[in-house]
Amino acid sequence: CGTFVALSPVLFRQYIGRLGALTAALVLAMSPTLMFGSRTVDSTALTLALSIALLSAVLGFASTGRSSFAYVGGVLIPPLLISGPSAATVTIIALGYVATTARAHLIRRAALAGSPESPLDESALPIWLPDSWRAQLFADTLRRIGQIMVIEYAVLATGLGTNLPGLGDAIALPLAVWGGSLGQISSKSIGLLPIVIAGYEPLIFGFGIAGAIQAFRLNRGFDKFLVWWAMASTLVIAVGDGLHPLWIGLAIVPLGLLSGHAVEDLWTAFGGIEQRRRLLIYGAVALTLLATTIIATSNATVTDPAVPRLAFLAPLLAIAAFTLGFGIYYDARTALTSAAAVAFVATLGITVHAAMGLNSGGMLNPAEVFVETATSLDVRTMSSEISTIMGELHIARQLEGKPVIETIEIAAPFGDPIAWYLRDFPGVQVVDSIGDSPAI
């Protein structure tokens with residue numbers, strides 16, 4: 001799922017451009033949020049993959065009118081609905097977008113109905129309602145798609161008929177988890193967004209906001225949907241209890257696509273040789289000062305610094321002064337676009353640094369914020385080493401002349417999936433409380 005999400009911008013290259021798709025794929029592959037999300041036993045990565053595939057099917061039908069895309073979309077909806085609690089956010093995003101854009105589209109269409117010389121701009125229409133569909137979903141097609149969805153849902157939710165209560169629980173239980181997380185704002189939920197934005201994803205959020213501004217300035221229909229998607233996903237995190245930090249991944253993907261489109265727009269500013277020469281001049285000075293800022297910050301934040309605490313401000317002020325002078329000597333547009341290009345390089349470095357788990361400070365370690373307890377890799381490592389631990393305990397009990405009782409107790413909150421990883425051990429028990437015997 002993680003690999004598909006990272007490569008998914010290729011599916012939308014006709015909307016965000018080739019360079020935009022390449023950039024978006026790069027930043028999504030480097031995203032600490034998505035990277036740590038893919039390492040956990042969590043359904044958010046699956047929800048993201050299914051959502052992207054469904055969006056691609058919708059766009060494929062909108063652009064070609066081929067009913068095969070409609071069938072693919074219908075097949076993807078049931079597994080998406082039961083993929084986990086975060087699927088509720090995706091459902092609300094889709095329904096909310098359709099509801100808010102339908103009325104505006106119908107009003108605009110009615111206003112232009114009497115003006116043949118002013119046709120609708122299809123690039124600005126909602127992605128689900130273009131006027132140029134070359135095929136329509138007839139009643140028979142819709143009925144067949146509906147039947148496929150019902151049968152598929154019944155098979156998946158009940159486990160091929162082996163768990164009939166799953167017919168309702170497959171949606172009800174994740175929805176209960178999602179609903180229970182809302183409205184319980186805590187210090188963790190309030191602090192999560194600033195940590196993610198500043199510590200892990202400054203590139204995606206910064207250039208994603210730039211892409212959102214461009215979406216409305218240039219009236220881009222697809223990008224407007226991405227803005228809606230990102231805003232709704234971020235709002236769910238902001239008003240939640242902060243116990244599901246990986247749900248922020250639902251906002252990272254659309255912001256990554258928007259950031260890719262923003263870089264595509266930025267690159268057009270350096271089409272000429274003169275513009276690129278100016279960028280090289282600005283980058284050589286600004287990146288040097290930025291490196292000096294990082295070094296000064298490292299020296300100023302140690303326990304007993306040998307330099308003043310505010311020493312890092314000096315190179316930052318130098319960057320600001322140089323940018324101002326650069327804009328006066330050339331022009332403001334050259335200074336701003338050059339600064340944006342340097343910002344892209346700098347924030348990409350921060351993202352890579354965070355993805356490698358090297359950011360300093362307790363709350364700047366992505367593992368502690370996103371996974372808190374254990375990742376799937378940690379669980380697999382534990383299960384591979386458990387035989388060694390049990391062997392040592394076995395020998396110790398024999399040396400003490402005591403009976404050997406090999407029991408592994410797992411606290412109920414961690415029973416799934418740890419019990420599955422340790423299923424080959426006969427003494428595994430999932431208990432409400434841990435006893436005195438060696439336990440996990």
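**Overall make-up.** I counted secondary structure and got 19 helices and 2 strands in the protein chain. I took helices (H or I, at least four residues) and strands (E, at least two) as DSSP runs, numbered from the N terminus. This is a predicted model, so I kept local features to pLDDT of at least 70 and side-chain atom pairs to pLDDT 80 or more, while totals for chains, interfaces and linings use all residues. Residues are numbered from 1 along each chain as its sequence is written, and side-chain values use heavy atoms, with hydrogens and water left out.

**Confidence.** I looked up pLDDT, the predictor's confidence in each residue from 0 to 100. The mean for the protein chain is 78, and 80% of its residues reach 70 or more. Residues 131-135 fall below 50, and this stretch has 14 contacts in the model beyond near neighbours in sequence. Residues 360-365 also stay under 50, with 8 contacts beyond four places in sequence. By contact I mean heavy atoms within 4.5 Å.

**Burial and surface.** I found that 41% of the 440 residues of the protein chain count as buried. My cut-offs are under 20% relative accessible area for buried, over 50% for exposed, and partly exposed in between (1.4 Å probe, protein chains only). The accessible surface of the protein chain comes to about 23000 Å², and 67% of that belongs to carbon and sulfur atoms. These areas come from the Shrake-Rupley method with a 1.4 Å probe; for residues, only the protein chains shown count as cover. I also checked contact range: among contacts between residues at least 6 apart in sequence, 72% join residues at least 24 apart.

**Helix H3.** The expected span is 1.5 Å times one less than the number of residues. Its buried residues include Ala21, Ala24, Val27 and Leu28.

**Leu80.** I picked this residue in helix H6 (residues 67-81). Is Leu80 buried or exposed? With a relative accessible area of 5%, Leu80 is buried. Not counting residues up to four places away in sequence, Leu80 touches Thr47, Leu50, Ser51, Leu54, Ala87 and Val90. Ser51 is 29 residues from Leu80 along the chain, and their C-alpha atoms are separated by 7.0 Å.

**Asn219 and H12.** Next I went to the loop between helix H11 (202-217) and helix H12 (221-238), where Asn219 lies. Asn219 has a positive phi of about 55° although it is not a glycine. Most residues other than glycine have a negative phi. Asn219 is partly exposed, at 28% relative accessible area. H12 itself has 18 residues and reaches 26 Å from its first C-alpha to its last, close to the expected 26 Å. Among the buried residues of H12 are Phe222, Phe225, Trp229 and Ile237.

**Salt bridges.** How many salt bridges does the structure hold? I got 5, using a side-chain nitrogen of Lys or Arg within 4 Å of a carboxyl oxygen of Asp or Glu. Asp265 pairs with Arg220, the closest N and O atoms being 3.0 Å apart. Asp265 lies in helix H13 (residues 249-268) and Arg220 in the loop between H11 and H12, so the pair ties together parts that are 45 residues apart in sequence. I noted that both Asp265 and Arg220 are buried.

In helix H14 (residues 273-300), Arg277 and Glu274 are 3 residues apart, about one helical turn. Their salt bridge has its closest N and O atoms 2.5 Å apart. Glu274 also meets Arg278 in a salt bridge at 3.1 Å, N to O; these two are 4 residues apart in H14. An α-helix has 3.6 residues a turn, so residues three or four places apart point the same way. Arg277 is partly exposed at 37% and Glu274 at 32%, whereas Arg278 is buried at 17%.

**Nonpolar patch.** Last, I looked up a nonpolar surface patch of about 380 Å², made by Leu310, Leu313, Leu316 and Leu317. Patches use residues with over 30% relative accessible area and no salt bridge, joining like charges within 9 Å and nonpolar side chains (Val, Leu, Ile, Met, Phe, Trp, Tyr) within 5 Å. Leu310 lies in the loop between H14 and helix H15 (313-329), and is exposed at 59% relative accessible area.
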